[in-house]
Amino acid sequence: MVDPLYWIGVARYLVSILNSFAYLVRFRCAYSSASKSMEGSLGFCSYQLFIVLRYKCRCNFPLYGKDFPGGVATGRWSNGKVPTDFIAEVLGVKDTVPASGDPGLKDQDLLTGVGFASGGSGLDPHTAAVQGGSIPSIEAQLDTFKQYVVRLKGVVGEDRANQIISNSLALVSSGNNDIMFALPSQSSQLFNLFTYTDQMAVWASQFTKDLYDPQIWSVESRFL
C-alpha cells in the first residue's frame, strides 16, 4: 500500500506546478535571441510526436492541439500553446517553439531555438523505463541537444553559433514524472517521498553539470 504521505506530496507538487505555470506566463526578462527546452514536456513542445510511438505517453490525438494554430496535435501536452511558446512570444523571438525532432524543421528555426523535451521522461533514469517502450531519457535529450549545437555551427559557423548560444535562454522542467511514475515503483526500503526528492536534487545537480560540459558549450550561457 502506498504511504498516504506520498499522495499528500503529489497534491502539493501539483499545486506548485500550477503556480509555476502562472509565473512562467507572466515572465518578463531581457531580450534573448534563442530559447531551448528539455525534459518532461508539461511546459514544453515535445518531439515525441515525430518519433515512433510505442509507449503509453502520447499526445498525437484530439483534443490535444485543438486551440493551437492549425488545430492539430503538435507534441505539446496542451490544447494550445505551452509556457515556452508564451515566453518566446513575449520576448519577441517567435510565436511558437518547434520541436527538434520535427522532420519539417528548417535550418532557420535553429537560430531562434527549438525544444528537446519528451513527455514521460524524468531526472530518474528509471522514470522513462518504468512506463515501457522507448521514451527518450533526459540523457538522450541532452545528446539531441549536442547534435543541435553541431548542426547550428554547420549552418551559421562557429563564431555566430557561439554568439547565439551565449545570448540564449535554456528552460528545464523536471520532477513531475519522477514523482508520479517512478517513485511508486521504487522499494519503500530504498526511497520514501522525502529521501526521493533529495535524490532528485542530486540528479538535477548532475544534469546541470553535464549541461555545462565544455564539450557542449564553448561560451558562457544564461539559464532559467
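Which handedness does the crossing of α5 and α6 have? The crossing of α5 and α6 is right-handed, meaning that the near helix is turned clockwise from the far one by less than a right angle. Helices here are DSSP runs (H or I, at least four residues), numbered from the N terminus.

A word on the basis of all this: the model is predicted, so local features need pLDDT of at least 70 and side-chain atom pairs count only at pLDDT 80 or more, while totals for chains, interfaces and linings use all residues. Residues are numbered from 1 along each chain as its sequence is written, and side-chain values use heavy atoms, with hydrogens and water left out.

**Two helix pairs**

The table sets out both pairs; axes are lines fitted to C-alpha atoms over the stretch in contact, and angles run from 0 to 180 degrees between N-to-C directions.

| Pair | Axes | Angle |
|---|---|---|
| α5 and α6 | within 7 Å | roughly 125° |
| α5 and α8 | 11 Å apart | about 15° |

Residues in contact (heavy atoms within 4.5 Å) include Val-149 and Leu-152 of α5, and Ala-161 and Ile-165 of α6.

By contrast, the angle of about 15° makes α5 roughly parallel to α8 (under 35 degrees). Their crossing is right-handed, and the contact is made by Ile-138, Leu-142 and Phe-145 of α5 with Phe-207, Asp-210 and Leu-211 of α8.

**The cores**

A nonpolar core is a set of buried Ala, Val, Leu, Ile, Met, Phe, Trp, Tyr and Cys residues joined through side-chain atoms within 4.5 Å, where buried means under 20% relative accessible area (1.4 Å probe, protein chains only). The largest one has 25 residues, of which Leu-110, Val-114, Phe-145, Tyr-148, Leu-152 and Tyr-196 touch the most other members. At least two of its residues come from each of α5 (138-156), α6 (158-166), α7 (176-185) and α8 (193-211).

Leaving aside neighbours within four places in sequence, Leu-110 is in contact with Leu-105, Tyr-148, Arg-151, Leu-152 and Val-155. Apart from this core lies another, of 7 residues, among them Ile-87, Leu-91, Leu-169 and Leu-171.

In α6, the buried residues are Ala-161, Asn-162, Ile-164 and Ile-165. They lie on the same side of α6 because they cover an arc of only 160° around the axis, taken from the directions from the helix axis to the C-beta atoms.

Helix α2 (residues 83-90) has Pro-83, Thr-84, Asp-85, Ile-87 and Ala-88 buried. Just after α2, Gly-92 takes a positive phi of about 80°.

Conventions. Buried means under 20% relative accessible area, exposed over 50%, partly exposed in between (1.4 Å probe, protein chains only). Angles under 35 degrees count as roughly parallel, over 145 as roughly antiparallel, 65 to 115 as roughly perpendicular and the rest as oblique.
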